[in-house]
Amino acid sequence: MALLRQLCIIASQLTVVLSSAGNIWTYKGSLGPEHWHLDYPHCGGIRQSPIDLQTRDVIVDQTYLSPLYFSGYDRVSNLDYTLENNGHTVQVGLNDKTMMISGGGLGATFVAEQFHFHWGAVDERGSEHSLNGRHFPMEMHIVHYNKKYGNFSSSLNKTDGLAVLGFFFEIGRFNVHFEEIIEHFGDIQFKNQQVNIKSIPMIDLMPARLTNYYRYVGSLTTPPCYESVIWTIFNETIEIAEEQLEEFRTTIFENDRSEGGVSIDISDDYRPVQCMFRRRLYASHPSLKFDMATPRETGNGGVSNQSSRLLFFTCLIFLRLLLPIFSLKIAL
Ligand SMILES: [Zn+2]
């Protein structure tokens, strides 16, 4: 009897190990983004994020995409923020749930839950979204859940469950507001470490002009990739000094302190851009619709167009592969 009980305990422990192994994903190698759909089927969907924002094709709708209404973003929260290294990114938990967005075509009120970052090992990459093929060195996501669902986890898999605000970074002046986060990186170098930090008014972390933005419907950019996100990507960038970005690149590790060996830094924690398929990209202002033939950005237009063309053909092949599956379903 004792032996049977012992076997049951071992079996249950084995199940835990196996099921947690199924939850592991990374940005590189055999558990990288190209393989996510094997363990997380939603990652292979046709409404995935991030995407390349092709400004030539946007639909401008100034009436629908009115300025967003930000409530509580200018206040210092009564509760501390929770700064955490989760092994994939640096994440800041907003604990008092008093910051909300509405308007701007969102169709509901969304409550701010957390914000986090995606960054590259070098300045030429790091952002998840790209603008006409051009990537930025870092991107911040402020994640909100739909108030009507009560909390983040209940909203996660609902079609109108989440609203994420995306901001691109550019190398520039030293950013005193972000330094209030970066100065604590020494306490969260390793996976699962967290520390409470003084709250910062969110408005200080965002660009001054928030009326110009792109809008599309998509997904979480990490597994399980639920297609539950209304995306808003702002046109104005946030400035950060090279040495501040360097702190993200060199002091945050993806491994646990106890794992020993050489620490692996988290740089390049971004998912490649996904196919647009039948989705449309909207913009809140006519200045956001422009053709790369008359570029606003200079310098790497050639590279951008090349990568955009490559993505277009990859998506065509993907669609071609999907067609037989769809016809089979219809036949059944
Ligand atoms: Zn993100």
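Figure 1. The structure shown is a predicted model, in which local features need pLDDT of at least 70 and side-chain atom pairs count only at pLDDT 80 or more, while totals for chains, interfaces and linings use all residues. Residues are numbered from 1 along each chain as its sequence is written. Asn 132 lies in the loop between strand 8 (130–131) and strand 9, where helices (H or I, at least four residues) and strands (E, at least two) are DSSP runs numbered from the N terminus. Although Asn 132 is not a glycine, its phi is positive, at about 50°. Most residues other than glycine have a negative phi, and most peptide bonds are trans.

**Figure 2. Asn 192, with a positive phi.** Asn 192 is not a glycine either, and its phi is positive at about 75°. The residue sits in the loop between helix 4 and strand 11 (194–197), and Asn 192 is exposed, with 12 other C-beta atoms within 10 Å.

**Figure 3. Two cis peptide bonds.** Ser 49 and Pro 50 are joined by a cis peptide bond with omega of about 0°, and Pro 50 belongs to the loop between helix 2 (36–39) and strand 1 (52–53). A cis peptide bond with omega of about 10° also joins Pro 223 and Pro 224, of which Pro 224 is found in the loop between strand 12 and strand 13.

Figure 4. In the protein as a whole, which has 332 residues, 34% count as buried, and the secondary structure consists of six helices and 15 strands.

**Figure 5. Strand 12 and its pairing partners.** Five of the six residues of strand 12 (residues 213–218) are buried, so this strand is largely enclosed by the rest of the structure. Strand 12 runs antiparallel to strand 13 (residues 229–234), to which six bridges join it, two strands being counted as paired if DSSP finds at least two bridges between them. Within this pair, Tyr 213 stands opposite Phe 234 in strand 13. Strand 12 also pairs with strand 15 (residues 282–283) in the antiparallel sense, over two bridges, and there Ala 283 is the bridge partner of Tyr 214. Apart from its neighbours within four places in sequence, Tyr 214 is in contact (C-beta atoms, placed from the backbone, within 7 Å) with Leu 53, Val 58, Ile 233, Leu 281, Tyr 282, Ala 283 and Leu 288.

Figure 6. The buried residues of helix 5 (residues 242–251) are Gln 244, Leu 245 and Phe 248. They cover an arc of only 100° around the axis, which puts them on the same side of helix 5, the arc being that of the directions from the helix axis to the C-beta atoms. On the other side of helix 5, the exposed residues are Glu 242, Glu 243 and Glu 246. The elements that cover the buried residues of helix 5 include strand 5 (90–94), strand 7 (110–119), strand 9 (138–146), strand 10, helix 4 (176–182) and strand 14 (238–240).

**Figure 7. Gly 161 and its surroundings.** Gly 161 is found in the loop between helix 3 (152–155) and strand 10, and Gly 161 is buried, with 24 other C-beta atoms within 10 Å. Not counting residues up to four places away in sequence, Gly 161 touches Tyr 145, Asn 146, Tyr 149, Ser 155, Leu 156 and Ser 228. Gly 161 and Tyr 226 are 65 residues apart in sequence, with 9.9 Å between their C-alpha atoms.

Key:
Contact = placed C-beta atoms within 7 Å. Buried ≥ 20, exposed ≤ 12 C-beta atoms within 10 Å, placed from the backbone.
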